[in-house]
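Student: I have a new model open and would like to work through it with you. Could we take it one feature at a time?

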Amino acid sequence: MFTDAHLGPYAAQSANSRGRRYAEEASSSRSEYQRDRDRIIHCTAFRRLEYKTQVFVNHEGDLFRNRLTHSLEVAQIGRSIARNLRLNEDLVEAISLAHDLGHTPFGHAGQDALNTCMKAYGGFEHNLQSLRVVDQLEERYGAFDGLNLTFETREGILKHCSINNARLLGDVGQRFIDKKRPTLEAQVTNLADAIAYNNHDIDDGLRSGLLQEAQLLEVDIYARHRAVVDATYPGISGRRAIAETIRRMINTLIVDLIQTSGQKIKECAPTSVDDVRHMERMIAFSDAMFQEAQALKQFLFENLYRHYQVNRMTFKARRTITELFDAMIAEPNLLPPDYQLAQGESDDQRMPLQVRKIADYIAGMTDRYAMREHRRLYMVDEI
Ligand code: MG
């Protein structure tokens, strides 16, 4: 039988899980959260992450991050933090690998465009969609839709959520209504996500030439670590110097998070996950590190995410998603049969159900599939 004896009393223990929506027999070889992780790795939406992007579009280069490599980096950072804090690494890994499953093609531009298209039908939110993928959309089991993950993994995937949506979600939505915390593992994954994307966006930004290193020397956290690299390896330059700087930044953020959170856990002294839910947020950076991380984020926002070349891609992404949606809503018979409503759905429900299926179809597309589908719909010589 599986034991979580090495974990802190405040960690999520597999044996104390609130369980799965459909009861299943325990595994003889794996904990509940290991099973969740394995189900995620084997699902279809996970494989699609390879061809979905955050900032750069898939065809722009082979070395940029995609959502798959991003998710792996989040899992790596999250596990390092979890092990040091005696938290459940398997749960952190499961949440990390699943956290972006519901993302549309073309990163935030795609999500914003689909949300705008869906305004009259309840909107579109990628966190909710990630949950929808694991709860409903994956078709892999004879006994149920979705992956039937544990409550704790599902709760961790739902990072934020409006009160209106929370009311529709039942158990995993309740904490937003009650204003309670999720597990420490979910809190860790949240910040591991931020550490991963801030650092890899700098790396990708420099690699693409959209950012120049001279600009980054204005950002304290980068300049400070770059100076250490120069002092340690006089004459170092180019990609090697950037990589040395970024790995030091990641390490500094992780170490600060472990120390600050470890101290907060000591002060709050939670003895169960239930305590964690009622107490203040315990996973956090020190104030000084938080300021530095914010400055970095702000720098990326102003210099990379709003770079005119990124804006051009954002413009094309918005147009592609919007035109796909417009065509399909006007003529649902353009959709592949799986996404058309079955005969016999009641009339008043027909439109909202069809619209949601269109959103599922578009959200599930990879970048290149969306571009191809757009051509197939609008270019007369493309079939
Ligand atoms: Mg992410």
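Tutor: Happy to! The charged end of Arg-368 sits over the ring of Tyr-51, 3.9 Å from its centre. For that label, NZ of Lys or CZ of Arg must be within 6 Å of the ring centre and within 35 degrees of the ring normal. Before we go on, this is a predicted model, where local features need pLDDT of at least 70, side-chain atom pairs count only at pLDDT 80 or more, and totals for chains, interfaces and linings use all residues. Residues are numbered from 1 along each chain as its sequence is written, and side-chain values use heavy atoms, with hydrogens and water left out.

Student: Over which ring does the charged end of Arg-376 sit?

Tutor: Here the charged end lies 5.4 Å from the ring centre. The ring under Arg-376 belongs to Tyr-369.

Student: How many aromatic pairs does a search of the whole structure find?

Tutor: Rings of Phe, Tyr and Trp (its six-membered ring) pair if their centres lie within 6.5 Å; planes under 30 degrees apart count as stacked, over 60 as edge-to-face and the rest as tilted. With that rule, the number of aromatic pairs found in the whole structure is four.

Student: Tyr-22 and Phe-144 form one of them; how many residues apart in sequence are the parts that this pair ties together?

Tutor: The pair is stacked, at 5.5 Å centre to centre and 10° between the planes. Helices here are DSSP runs (H or I, at least four residues), numbered from the N terminus. Tyr-22 lies in the segment before α1 (32-41) and Phe-144 in the loop between α6 (126-137) and α7 (151-157), so the parts tied together are 122 residues apart.

Student: Is Phe-144 buried or exposed?

Tutor: Buried means under 20% relative accessible area, exposed over 50%, and partly exposed in between (1.4 Å probe, protein chains only). Tyr-22 is partly exposed at 40%. Phe-144 has a relative accessible area of 9%, so this residue is buried.

Student: Which residues do ring pairs link into a cluster?

Tutor: Tyr-22 and Phe-144 stack on each other. Together with one further tyrosine, they make up the cluster of Tyr-22, Tyr-141 and Phe-144.

Student: Which residues are the protein donors of the magnesium ion?

Tutor: Donors are N, O and S atoms within 2.8 Å of the metal (3.2 Å for Na, K and Ca); water is not among the atoms, so sites may look incomplete. Along the chain, the donors follow the spacing H-x28-H-x93-D. Lying 2.1 to 2.4 Å from the ion, they are His-70 (NE2), His-99 (NE2) and Asp-193 (OD).

Student: How many residues apart are His-70 and Asp-193?

Tutor: His-70 is in helix α3 (residues 67-84) and Asp-193 is in helix α10 (residues 184-208). Both His-70 and Asp-193 are buried. The pair links distant parts of the chain, 123 residues apart.

Student: Why is helix α4 largely enclosed by the rest of the structure?

Tutor: The buried residues of α4 pack against α1, α2 (44-48), α3, α6, α7 and α10. Helix α4 (residues 89-98) is largely enclosed because its buried residues number ten of the ten.

Student: Which residues is Asn-198 in contact with, leaving aside its neighbours within four places in sequence?

Tutor: Asn-198 is in helix α10 and is buried, with a relative accessible area of 6%. Contact means heavy atoms within 4.5 Å. Beyond those sequence neighbours, the contacts of Asn-198 are Leu-296, Lys-297 and Leu-300.

Terms used:
Helix = DSSP H or I, 4+ residues; strand = E, 2+ residues; numbered from the N terminus.
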